[in-house]
Amino acid sequence: MKETIKKDREEFEKFLSDLIKRPIFVPEMDVFASKCGCFGIMIMVRGVLVDEVEILKKRIVEKLKEISKNYDINPNWIFVRVIPSSDDVVSFGVRELCGMCKEEYISKTPRPDLTTLY
């Protein structure tokens with residue numbers, strides 16, 4: 001499992017750098033299970049802007065879905081987290097939401113720093 005996470009972090013960093021056409025730094029990738037029943041992946045990034053994600057959204061979502069298969073995660077919410085009052089993306093999130101969280105996160109905008117991609 002450790003090698004898979006390491007490989008996926010490296011591949012996502014290369015994928016974003018190639019897609020955006022400049023070096024992007026991915027310092028950390030976490031795979032998690034929440035107490036509520038959600039499963040997911042958080043990928044921290046530096047050097048990505050919200051506008052770039054909007055333009056390249058389809059390809060980024062496809063890549064994140066591909067990565068999630070390696071952990072048996074069936075994502076029903078993919079999002080980015082931004083620094084408030086800026087255009088800087090700080091993380092990509094992939095979640096297989098539990099029933100309770102599905103209501104909260106899919107039906108409305110959960111927080112102003114989160115932007116839903118899928």
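1. Strands are DSSP E runs of at least two residues, helices are H or I runs of at least four, and both are numbered from the N terminus. Two strands pair if DSSP finds at least two bridges between them.

2. A note on the basis. The model is predicted, so local features need pLDDT of at least 70 and side-chain atom pairs count only at pLDDT 80 or more, while totals for chains, interfaces and linings use all residues. Residues are numbered from 1 along each chain as its sequence is written, and side-chain values use heavy atoms, with hydrogens and water left out.

3. β3 also pairs with β4. Six bridges join β3 to β4, again antiparallel. Val 82 is bridged to Val 89 of β4. The two strands form a hairpin with five residues between them. In that turn, Ser 85 has a positive phi of about 65 degrees.

4. Strand β3 spans residues 77–82 and is mostly covered, with five of its six residues buried. Buried means under 20% relative accessible area, exposed over 50%, and partly exposed in between (1.4 Å probe, protein chains only).

5. Arg 95 deserves a look. This residue is in strand β4, residues 88–96. Arg 95 counts as buried because its relative accessibility is 17%. Beyond four places in sequence, Arg 95 touches residues including Phe 32, Phe 39, Trp 77 and Phe 79. Contact means heavy atoms within 4.5 Å.

6. Val 45 sits in strand β2, residues 39–49. Val 45 is buried, at 0% relative accessibility. Its contacts beyond four places in sequence include Leu 16, Phe 25, Val 89 and Phe 92. Val 45 and Phe 12 are 33 residues apart in sequence, yet 9.9 Å apart in space, C-alpha to C-alpha.

7. Now the helices. The axes of α1 (residues 2–20) and α3 (residues 57–69) come within 11 Å and cross at roughly 170 degrees. α1 is therefore roughly antiparallel to α3. Axes are lines fitted to C-alpha atoms, for helices over the stretch in contact, with angles from 0 to 180 degrees between N-to-C directions. Angles over 145 degrees count as roughly antiparallel, under 35 as roughly parallel, 65 to 115 as roughly perpendicular and the rest as oblique.

8. The α1 side of this contact includes Phe 12, Phe 15 and Leu 16, and the α3 side includes Ile 60, Leu 64 and Ile 67. Seven of the contact residues are nonpolar, none polar and four charged.

Terms used: Ala, Val, Leu, Ile, Met, Phe, Trp, Tyr, Cys and Pro count as nonpolar, Asp, Glu, Lys and Arg as charged, and the others, Gly among them, as polar.
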